[in-house]
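Reader: I would like to learn how to read the packing and the strand pairing of a protein model, one feature at a time. Could we go through this one together?

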Amino acid sequence: EDTRNCRLWNLEQNTKCWRNWYLQKPAKPTNVPVFEIWEESDHPEKAPGQSGSISGGNGRVTFLIGTLSCTVLPTAGTNFSLTRCHRIQPVGKLMGHIGPVMCLTVERTAAKHDLVITGSKDHYVKKFEIAESTLGNVGPTHNFEPPHYDGIESLGIHGDILFSGSRDNGIKKWDLEGQELIQQIPNAHKDWVCALAFVPGRDMLLSGCRGGILKVWNIDNFTPLGEIRGHDSPINAICTNSTRIFTASS
C-alpha cells in the first residue's frame, strides 16, 4: 500500500484482519528498492516474524511473484532480481530489456525449471528459463517477435498459450512451445490493456483496459464473447475463482 502498511487477513473468519504492520521509512532517503520476507505463523494469535530484508536493485519494485521453488522475482528498472527465499539473498539477475519491466508471469516446465515471461516498456515479451542451480546474470532464451507497438502492461499463460496486453490497445496470442505468434487483435480495447486473466475450467480470456471496460474472449478462435463497463477508471488487476470475477481499480 502507499500507506506503507502490510496486512495479514483470515479469509475463513469473515475476512478478519489478524495483524497490521507499518513499515518504517529508512533513516536516509534512498532510491534502492527493498522488499521484506516474512515467515508465516501456524497460530492465528501469533503474527508472522520478519525473516529478512533484501535490496531489489536499481529502480522501483513494481511487482512480486513467487514460484514453486520459492523464487521471488521483483521487477526493478530494466532488470529484475532472482532470490531464493530459504537463503534470503539475491542469487542472480535476469537481464535483457532496455525499458522498465512492467509485468511478469511464471510457470513450471516439464524439466522442473521456472519459466519466466516478462513484458517491458521496450515493447518486447521475453522468455527466461531458470534452473535450480542458476546463478549470476541470465539472459533471455527467446524474444517474441514481432513486438507490440507500445509497452507491455499484462501477461497471462493458459496451458501452452501465452497472451500479452499492451499500451497499443492490442492483445497478442503466442505459442509458447513453437515460440511464435498465433493471432493478434490490434484494437482489442480502445485504451491500454492493463490486465489479463482466465475463467477457471473454461476456455475464456478476460481483459481489462485503462478505460474501465472488461471483455471476455474465446481462447480457441480469439473472438469476443461480451463486454461490460466494470469501472470508471483503469482496471489494474483481474482475479477469478470458480464462481466469480474480481476486478481492481482506482
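Reader: Leaving aside its neighbours within four places in sequence, which residues is L205 in contact with?

Author: This is a predicted model, in which local features need pLDDT of at least 70 and side-chain atom pairs count only at pLDDT 80 or more, while totals for chains, interfaces and linings use all residues. Residues are numbered from 1 along each chain as its sequence is written, and side-chain values use heavy atoms, with hydrogens and water left out. With contact taken as heavy atoms within 4.5 Å, L205 touches F163, I171, L196, A197, F198, K215, V216, W217, I219 and F222.

Reader: Which residues make up the largest nonpolar core?

Author: In soluble globular proteins, nonpolar side chains tend to be buried together. A nonpolar core is a set of buried Ala, Val, Leu, Ile, Met, Phe, Trp, Tyr and Cys residues joined through side-chain atoms within 4.5 Å, where buried means under 20% relative accessible area (1.4 Å probe, protein chains only). Here the largest core has twelve residues: I161, F163, I171, I185, A188, V193, L196, F198, L205, W217, I219 and F222. Two elements, β15 (161–166) and β18 (193–198), each give two or more residues to this core, and β18 provides the largest share, three residues. Strands, here and below, are DSSP runs of E of at least two residues, numbered from the N terminus.

Reader: How are the rings of F163 and F198 placed, and why is the pair called tilted?

Author: A pair of aromatic rings is described by the distance of the centres and the angle of the planes. Rings of Phe, Tyr and Trp (its six-membered ring) pair if their centres lie within 6.5 Å, and planes under 30 degrees apart count as stacked, over 60 as edge-to-face and the rest as tilted. The rings of F163 and F198 have centres 5.9 Å apart and planes at 55°, so the pair is tilted. The rings of W217 and F222, with centres 5.8 Å apart and planes at 65°, are edge-to-face, and F163, F198, W217 and F222 form one aromatic cluster.

Reader: In what order do the four strands of the open sheet lie?

Author: Strands of a sheet pair through backbone hydrogen bonds, either parallel or antiparallel. Two strands pair if DSSP finds at least two bridges between them, and in this open sheet the order is β18-β19-β20-β21, with antiparallel pairing. Because β18 and β21 (224–229) stand at the edges with a single partner strand each, one side of each is left without a neighbour in the sheet. Five bridges join β20 (residues 213–218) to β21, and the bridge partner of W217 in β21 is P224.

Notes:
Buried < 20%, exposed > 50% of the residue type's maximum accessible area, 1.4 Å probe, protein only.
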